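Let's take a friendly walk through the charged residues of this protein. Have the sequence and the 3D view ready as you read.

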Number of protein chains: 2
Amino acid sequence: MARWEPGARERMLMAALDAFTDEGFEQATVAGIAARAGVTERTFFRHFADKREVLFEGSDLLEEVVTGAVAAAPAGLPPVELVTSAFEALGPFFAERQEFARRRLAVISANASLLERELLKLHSLKSATADALRARGLPDPDAVLTAEFGGTIFQVGFQRWMNDPAAVDIAAHIRRTSTELTALVARDRAG
Amino acid sequence: MARWEPGARERMLMAALDAFTDEGFEQATVAGIAARAGVTERTFFRHFADKREVLFEGSDLLEEVVTGAVAAAPAGLPPVELVTSAFEALGPFFAERQEFARRRLAVISANASLLERELLKLHSLKSATADALRARGLPDPDAVLTAEFGGTIFQVGFQRWMNDPAAVDIAAHIRRTSTELTALVARDRAG
């Protein structure tokens, strides 16, 4: 058997979502997912450690993109602008993934332990972002507060992007959410 | 045996933390916790559904305090001030709980599934806060963004309170964190 299977990874991702949706996450098996995708179980395990990994495989890369963008940002940006532009850098990562993201969320929302895992990933992303901000010389509490601001605009921007029928780039939703959160806070200072 | 055991609840809370710290959360048993506290297992189960409940027993009340304070706040407050005052209302809830909170966090941080449960509770608190803000007529996205702002100042303020040797009221730490996050965002608008 050839070790190179064109499109196999994408087929396995979609087959896994089909299996989780039809059978439930707990009941679905790697054997069943592999059969739906037309690959062997061995091929599945060359790509994913287990069935749960299908749902969380991108999160390390996502963290690298954001922390890399924090590190590479020009000097002198104010913190909120810095973190907003770092999360905007996720645009290419999420391009073409809207349908996957929607179906994935439906699976995760139906399972408490998957939802807890998802929240732990977001927590880890915010901690890594705070570390990257500290490495640039931003002291606490600003590093933590800026990372939390970033986590908020990412979460809310992500939701809006997922529900956007026009599938506009996630970066635009993140930017817009940052602008709105900033305006909301400014309204208080004016009041 | 009398059904009224003076101080039994407090003794069980501290005995459970001792057991989790000494033996590890997974290894600790209800029988061992009850023995440390000098009560029967039956008494333990009159107070807590299981050993995990010792660590999360207050979270429903905490959610009630915050959403109740959102509902009861005077009309006309800007959103960030409204949510800041709602989280300040947690002061009495956390009074006298600093040592418990510190020891509890050490147990939770050592166990991935407990940390995931903790994050799920925070997620639930933010969702309930957003619902309470919507019920007051605050539209989305402001309701979600304001609830996220509240979650951030609560998390960061909580950490600061826990590490505060003077054990100043948690409300003061929450207010200070709100002021600092507001200033951080304002710095961007000025820049």
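Glu23(A) is partly exposed, because its relative accessible area is 33%. Buried means under 20% relative accessible area, exposed over 50%, and partly exposed in between (1.4 Å probe, protein chains only). This is a predicted model, in which local features need pLDDT of at least 70, side-chain atom pairs count only at pLDDT 80 or more, and totals for chains, interfaces and linings use all residues. Residues are numbered from 1 along each chain as its sequence is written, chains are lettered from A in the order in which they are written, and side-chain values use heavy atoms, with hydrogens and water left out.

**Salt bridges**

How many salt bridges does a search of the whole structure find over all chains? There are 28, where a salt bridge is a side-chain nitrogen of Lys or Arg within 4 Å of a carboxyl oxygen of Asp or Glu. Here are some of them.

| Pair | N to O distance |
|---|---|
| Glu23(A) and Arg36(A) | 2.8 Å |
| Arg187(B) and Asp142(A) | 2.5 Å |
| Glu148(B) and Lys126(B) | 3.1 Å |

Take the bridge between Glu23(A) and Arg36(A). Glu23(A) lies in helix H1 (residues 8–23) of chain A and Arg36(A) in helix H2 (residues 30–37) of chain A, so the pair ties together parts that are 13 residues apart in sequence. Helices are DSSP runs (H or I, at least four residues), numbered from the N terminus. Arg36(A) is partly exposed, at 38% relative accessibility.

Next, look at Arg187(B) and Asp142(A), which form a salt bridge. This pair crosses between chains, from helix H11 (residues 170–190) of chain B to helix H10 (residues 142–162) of chain A. Is Asp142(A) buried or exposed? With a relative accessibility of 14%, Asp142(A) counts as buried, while Arg187(B) is partly exposed at 42%.

In chain B, Glu148(B) and Lys126(B) are bridged. They link helix H10 (residues 142–162) of chain B with helix H9 (residues 112–135) of chain B, 22 residues apart. Glu148(B) is buried, with a relative accessible area of 10%, and Lys126(B) is buried, with a relative accessible area of 10%.

**A lysine in chain A**

Now find Lys126(A) in helix H9 (residues 112–135) of chain A. Lys126(A) is buried because its relative accessible area is 8%. Leaving out residues up to four places away in sequence, Lys126(A) touches Ala147(A), Glu148(A), Gly151(A) and Gln155(B); contact means heavy atoms within 4.5 Å.

Methods:
Helix = DSSP H or I, 4+ residues; strand = E, 2+ residues; numbered from the N terminus.
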